[in-house]
Every structure is written in structure tokens, then in C-alpha cells.
Amino acid sequence: ASFKELRGPALEPPILGEPATWMTFLISYWGEQIGQKVRKITDCFHCHVFPFEDQEEARNGVLQQLQQQSQELREVLGETERFLSQVLGRVQRLLPSWQVQIHKMKAVYLALNQCSVSATHKCLIAEAWCPTSDLPALQQALQESSSEVGVSAVVHRIPCRDMPPTLIRTNRFTASFQGIVDAYGVGRYLEVNPAPYTIITFPFLFAVMFGDVGHGLLLFLFALAMVLAEDQPAVKGAQNEIWRTFFGGRYLLLLMGLFSIYTGFIYNECFSRATTIFPSGWSVAAMANQSGWSDAFLAQHPMLTLDPNVTGVFLRPYPFGIDPIWSLATNHLSFLNSFKMKMSVILGVIHMAFGVVLGVFNHVHFGQHHRLLLEFLPQLTFLLGLFGYLVFMVVYKWLRVSAAGAAEAPSILIHFINMFLFSRSPTNRPLYRGQEVVQSTLVVLALAMVPILLLGTPLYLRWQHRRHHLPRTPSGPQLDKAGFLNSQDGNTSVNGWGSDEEKAGPPGDEEQAEFVFSEVFMHQAIHTIEFCLGCISNTASYLRLWALSLAHAQLSEVLWAMVMHVGLSMGREVGVAAAVLVPVFAAFATLTVAILLVMEGLSAFLHALRLHWVEFQNKFYSGTGYKLSPFTFAVED
Amino acid sequence: MTAHSFALPVIVFTTFWGLIGIAGPWFVPKGPNRGVIITVLVTTAVCCYLFWLIAILAQLNPLFGPQLKNETIWYVRFLWE
């Protein structure tokens with residue numbers, strides 16, 4: 001037997017497109033036995049065997065047959081493919097809705113899995129939280145669904161000792177502000193929610209640190225663009241995470257931009273340039289005329305200071321914001337630093353006092369009226385007695401100390417330090433008559449508040465606890481010492497009346513309340529120390545308002561002086577200046593957006609957030625609740 | 001003159017923010033958002049008024065004046081009069 005490989009085209013079977021090379025062989029043999037062996041081998045290798053006819057016509061006939069067969073097979077394959085693509089096309093149209101259905105069914109079954117099966121009643125029992133105002137809707141839905149199927153589903157309200165989850169309904173505007181409050185901690189059930197106030201105070205404190213009309217306007221326009229385009233599906237459905245972060249906070253950015261424009265006008269900064277909307281309150285001409293500033297004199301002195309004591313130099317305070325002359329002055333930081341530091345302290349004390357006052361709502365709502373007297377009043381007295389007095393001194397000095405007495409102007413800082421040390425500096429003039437007496441009284445009063453804060457609530461709670469448990473003892477309502485000692489032994493159960501843990505339930509007369517005095521006292525001690533030391537450190541912390549606004553102003557000024565100013569003062573010929581301004585402005589715009597808008601914006605955002613989360617919220621907010629996560633088919637936005 | 005120039009802005013701005021913060025809440029239409037809008041109006045009025053007030057009080061009695069370069073004095077002297 002011999003065989004020869006035939007050179008022919010490599011045939012590729014049309015199945016699955018896997019290119020397989022087929023070889024064609026011509027095998028010739030002598031004799032039947034060899035033929036059978038050859039056949040076995042070819043069978044083994046799954047070869048297609050065709051007998052080689054002697055006649056040419058027979059060979060052509062076989063060839064034609066084979067070609068017809070392959071043609072038919074090709075047609076069949078083509079038909080099958082077309083049919084397949086039709087079916088798949090139909091399925092593709094139906095597939096999304098099927099997927100949704102399957103997801104829904106899976107969610108329903110997962111929820112049903114959490115119910116417990118009651119064998120006796122042959123039903124599923126589930127305990128769930130439901131908002132009270134939604135209960136009628138729930139009843140309605142259950143009625144409707146049961147009427148169709150024939151089985152009834154009922155809902156009962158049961159009393160519960162656990163703390164319920166918190167549900168705060170928001171619309172798309174308030175959602176972002178609630179989001180930043182919840183990022184710190186979801187509020188406890190029924191505690192006061194700082195979010196409505198945060199809607200304004202957060203953008204405001206951001207704007208204090210970011211104040212610039214130009215930058216605020218850019219921020220506002222960017223946010224406005226997002227808000228106006230918010231319903232477009234291309235914008236809503238974008239998957240880029242950074243974009244989604246900015247888009248989610250579009251209303252936040254809108255308000256931040258708006259307030260930044262306002263504080264920019266007050267700081268009188270528009271891309272670090274001041275504007276003279278009103279005429280300046282300082283008159284250089286008056287100073288020059290009265291001091292005899294001739295041209296020769298000016299040529300000799302590169303730097304001269306206006307003196308407010310000279311008549312006609314200082315006319316009036318600028319009616320809206322900072323006077324534009326300060327942006328031309330070389331000592332403008334001296335003035336601005338003093339202004340911004342005092343502003344930060346004033347804003348800080350007011351913000352913190354507001355936080356303490358919000359605690360009143362908590363005390364009243366949870367029925368803990370003793371805390372009004374034993375915690376709120378001492379806290380407010382401490383805060384306002386010391387730092388409220390500082391604010392008073394600042395404002396008093398602004399109103400009463402004028403340029404005439406500038407040389408011996410009292411230093412508030414020295415006064416404040418001496419107030420705590422009960423000493424005095426002979427070189428520091430008092431601000432007003434009787435200042436020492438007032439200051440000593442305030443410090444003594446504030447110090448007296450500390451033991452009230454420390455001991456007031458624990459002692460009151462202990463007294464109240466004893467009073468409640470006394471009638472239960474078999475010895476009857478006899479208020480003698482022996483009775484007190486006996487009543488403490490029979491205590492069993494649950495909640496310690498920690499001053500921070502507001503239990504949402506009524507002050508438990510049904511419950512057996514265990515009262516561990518040392519625990520309560522420890523808790524109150526920590527709370528007191530935190531508040532008193534926090535008063536000082538938190539007030540200082542608000543100085544970041546000054547620091548960041550200074551940084552922003554300086555960065556913006558540097559950018560103008562080093563980039564734009566160079567371009568604008570390039571040359572007197574129109575052509576040169578215009579040509580140079582194009583790249584200069586490009587650089588200015590890029591750096592403004594990158595450094596001042598993005599970097600400073602994020603920085604101010606972060607610090608305003610920190611001020612809210614720590615300095616404001618630790619006066620009243622516990623944030624130890626959990627959110628209601630209801631079963632819903634809606635996709636979370 | 002100085003007293004007038006201080007009293008006028010004070011009256012104007014106090015009235016303006018007073019209208020927004022005190023009179024505004026009465027005109028908010030009834031609806032689910034009424035409480036939030038009133039809070040927003042009052043907080044805005046308080047914050048903005050306070051900020052403006054601090055700025056003007058800080059400049060009421062300046063203890064020192066601006067220090068200017070002689071070039072600045074040369075042109076401001078005639079430009080701003």
C-alpha cells in the first residue's frame with residue numbers, strides 16, 4: 001500500500017469557525033486484507049473515505065453528488081443560523097424585563113425568608129418597622145392584595161423596647177445636606193436633626209473661607225449648569241464616580257457659590273481685585289493736603305501712612321464690606337488679620353451657642369427637664385460667660401475705642417489672659433469702668449458652673465431613682481434611712497440612665513431600672529470635661545475661618561500679580577499686549593480653576609464640614625442611630 | 001456727617017435683612033416644605049446680616065490707617081476726589 005498527499009486547498013469546516021486543516025490522501029493498495037487494514041486505520045482516524053472509481057464519468061458523478069451534499073448542508077446551516085438570530089433577537093427584546101422580574105422575585109423571596117413560619121397558624125409572621133404616618137397606606141396595600149388572592153394579611157402594632165430606626169424624609173434639594181449630616185452619624189430616634197440649619201450654615205462657613213466674587217460666580221455657574229441639566233438621562237446616568245460625586249452635591253455647590261459671591265462682596269475681592277461700588281471712606285487728598293505732601297516729599301518717601309486722627313482723612317466706614325483702599329495698602333494684612341480673627345471668634349461663639357440651644361429641644365422632647373436646669377443652663381453660662389464676654393469686649397472696643405486713643409488702646413488679648421489669672425497688667429488700660437469686678441465675677445460664675453455640670457445630673461437621677469423605688473419596698477413609704485438602704489437591693493434590670501443615652505421610651509416606671517451611680521457619674525464627668533475644655537479648643541478651632549480665607553486671598557493675589565498683571569502690563573502697543581494676553585490668560589484660567597477652585601474649594605469644604613461635625617454637633621448631637629432601610633423595588637439614587 | 005454715613009447703611013441693611021428674616025416667613029406658601037423654607041430664610045438673614053455687621057463695625061473706628069506707596073498716593077490723590 002502506498003499513499004500520496006495531494007496538494008489542494010485547505011478546507012475549513014464551517015462549524016464554529018475553527019480553522020482545521022484537512023489533508024487529502026490518495027491511497028492505493030493491493031489485495032483485500034491490506035484494504036481492510038487500511039479501512040480500519042481510516043476508521044480509527046475518522047476519515048471520510050471515498051472509493052476511487054475507474055471511470056472518469058463515475059468519478060465526476062461522485063464529485064457532483066458530494067458537491068450537492070455540501071451545498072445542501074451549507075443551506076441548512078445558513079437557515080439554522082438565521083433562525084437562531086431571529087430567536088435571539090426576540091429574546092433580547094424580552095430579556096431586560098425578564099431580568100427585572102427575576103430580580104424582583106428574588107428580592108421578594110429573600111424578604112419572605114426573613115419571616116418566621118408559624119406552624120400552628122400556617123402563616124408567615126414578620127416583625128418590621130413602619131413609619132406611623134404610613135400605617136394607613138400599609139393597611140390599604142395589604143387589603144388590596146389580600147382581596148385578590150383570598151388569603152388575608154393583617155398588621156398589628158406591638159410595643160417594642162429597641163430603639164427604632166430613624167427616617168428623615170428629604171427631597172432632592174435637602175437630600176445632599178442630610179447626606180453630609182448622616183455621613184457623620186445617623187441621628188438617634190427622634191433627636192433633633194441639625195440638617196435644616198446646615199442647609200445655610202454650611203455654605204455660609206464655606207463662603208467665609210472662600211470669599212471671592214469671581215470664584216464664587218464660577219462655582220455658582222458650574223452648579224447651575226448641573227442643576228438645569230439634571231433631568232437629562234445622559235447627565236443622570238453617567239457612571240464616572242468623580243462626576244457622580246459632584247453631581248450629587250449640585251444644590252450644595254449652588255448655595256456655596258451663592259454665599260461665596262456675597263462674602264466676596266463683603267471682603268471686596270473679585271479675582272483678588274477690589275471694587276469701588278461706593279466711594280472709599282478714606283481720603284488721600286485730605287491727608288496729602290494737611291500734611292504737606294508735595295511731589296518732592298513724596299519722591300523722597302516711598303511709603304507713607306494715612307493717619308485717621310487727621311481731620312478729613314477718615315470720612316465714614318465703607319457701607320458694604322471692606323474699604324477698597326485696603327487692597328492698595330501695603331499693611332492691609334495687619335488690618336485684615338485683626339478683622340478676620342475677631343470675625344472668626346464671633347461666628348464661632350454664636351455657632352456653638354446655637355448648638356447648645358438646640359440641645360434644649362432634645363431635653364424637652366425626651367422629657368428630661370432636669371437637664372435643662374442642670375446641664376443646659378450651666379453650659380450656656382460657661383460658654384457665654386467666658387467667650388461671650390470675649391465677643392462683648394471685641395464689639396465694645398470696636399464701638400468705643402477710636403483713633404484718638406489709638407496709642408493707649410487696650411489689648412483685648414492681655415485682658416482676656418489676665419481675666420483667667422486674676423492679675424492685671426499696669427500698662428494695659430481698662431476697657432470700661434469696673435472691668436475687673438465684672439471679669440472676676442464672670443470667671444467665678446463660670447467655675448461655679450463646673451461642679452453643677454459634674455454632679456448635678458447624677459445626684460438628681462439618684463434622688464429620683466430612690467424616690468421611685470421607695471413605695472415598692474414592703475416597709476412602706478417611710479422616708480427614713482433604713483428604707484433607702486433596703487430599696488436598693490431589689491433591683492434587677494436594664495437601662496443605666498446615662499446622661500448621654502437618651503432612651504426613647506418613657507421614664508420607666510414599669511421597668512426595673514438598674515442605677516449604677518458610679519457609671520452615671522463617670523459618664524457625666526467625661527461629658528463635663530469634654531464640654532469645658534472643648535469650649536476653649538473649639539473656639540480656637542474656628543480660627544481656621546481666618547486662616548483659610550487668608551490663604552485663599554493670598555493665593556489669588558499671587559496668581560494675579562505673577563500671571564495676569566505681567567500680561568496686562570506687557571507693552572503699550574496694542575498688538576503685543578493682545579498677543580501675549582492669550583497664553584497669559586490661558587495660564588491664569590487654568591491655575592485659577594485648578595488651584596483656587598478645585599484645591600481651595602475642597603479644602604474649604606473639608607474644614608467647614610469639620611467645623612460642623614465636631615465643633616457644632618458635639619454640643620447636642622449624638623448620631624448613634626441607624627437608618628430605616630425599607631423594602632423597596634426602587635433603585636437607590 | 002460721619003454719624004449719618006454710619007446710620008444710613010445700618011438702617012438700610014437692618015431693614016433689608018429684617019424683611020427677609022422676620023417678614024419673609026409669613027409669606028411662605030403652605031406646603032410640605034414650609035418649615036424648611038422658613039428655617040432657610042431666617043438662617044440666611046441672620047448669617048448675612050451678622051457678617052455684614054461685623055465688617056462695618058470693624059471699620060467704624062480705625063486705630064491705624066493704610067500705608068500706601070508714593071506712586072499710589074500720586075494717582076489716587078487726584079483720581080478718587
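Which helix of chain A supplies the largest share of the nonpolar patch?

**Entry 1: conventions.** I note that this is a predicted model, in which local features need pLDDT of at least 70, side-chain atom pairs count only at pLDDT 80 or more, and totals for chains, interfaces and linings use all residues. Side-chain values use heavy atoms, with hydrogens and water left out, residues are numbered from 1 along each chain as its sequence is written, and chains are lettered from A and ligands numbered from 1 in the order in which they are written.

**Entry 2: the surface patch.** I looked up the opening question: helix H2 (residues 56–113) of chain A gives the largest share, four residues. Helices (H or I, at least four residues) and strands (E, at least two) are DSSP runs, numbered from the N terminus. The patch consists of Met105(A), Val108(A), Tyr109(A), Leu112(A), Val117(A), Leu124(A), Phe631(A) and Phe633(A), with about 820 Å² of accessible area together. Patches are made of residues with over 30% relative accessible area and no salt bridge; like charges are joined within 9 Å, and nonpolar side chains (Val, Leu, Ile, Met, Phe, Trp, Tyr) within 5 Å. Accessible areas come from the Shrake-Rupley method with a 1.4 Å probe, and for residues only the protein chains shown count as cover. I placed Leu124(A) in strand S4 (residues 123–125) of chain A. Leu124(A) counts as partly exposed because its relative accessibility is 45%; buried means under 20% relative accessible area, exposed over 50%, and partly exposed in between (1.4 Å probe, protein chains only).

**Entry 3: the nonpolar core.** I found 116 residues in the largest nonpolar core, where Phe339(A), Leu347(A) and Phe51(B) touch the most other members. Such a core is a set of buried Ala, Val, Leu, Ile, Met, Phe, Trp, Tyr and Cys residues joined through side-chain atoms within 4.5 Å. Another core, of seven residues, lies apart from it and includes Val563(A) and Phe588(A). Beyond four places in sequence, Phe51(B) touches several residues of chain A, among them Phe204(A), Tyr262(A) and Met343(A); contact means heavy atoms within 4.5 Å.

**Entry 4: chain B.** I checked Thr44(B), which sits in helix H2 (residues 34–58) of chain B. Thr44(B) is buried, since its relative accessible area is 16%. Leaving aside neighbours within four places in sequence, Thr44(B) is in contact with Ile200(A), Phe259(A), Trp17(B) and Tyr49(B). UniProt, in an unreviewed entry, places "transmembrane region" at residues 6–28 and 35–58 of chain B; its positions are given in the numbering used here, feature names are shortened, and annotations may be inferred rather than shown by experiment. I read residues 35–58 of chain B as 100% helix and 0% strand, with end C-alpha atoms 35 Å apart.

**Entry 5: salt bridges.** I counted ten salt bridges over all chains, each a side-chain nitrogen of Lys or Arg within 4 Å of a carboxyl oxygen of Asp or Glu. Arg169(A) and Asp134(A) form one of them (3.4 Å, N to O). Arg169(A) lies in the loop between helix H3 (135–149) and helix H4 (175–184) of chain A and Asp134(A) in the loop between S4 and H3, so this pair ties together parts that are 35 residues apart in sequence. Which residue forms a salt bridge with Glu230(A)? The partner is Arg172(A), with the closest N and O atoms 3.1 Å apart. Glu230(A) is buried at 6% relative accessible area, whereas Arg172(A) counts as exposed at 51%.
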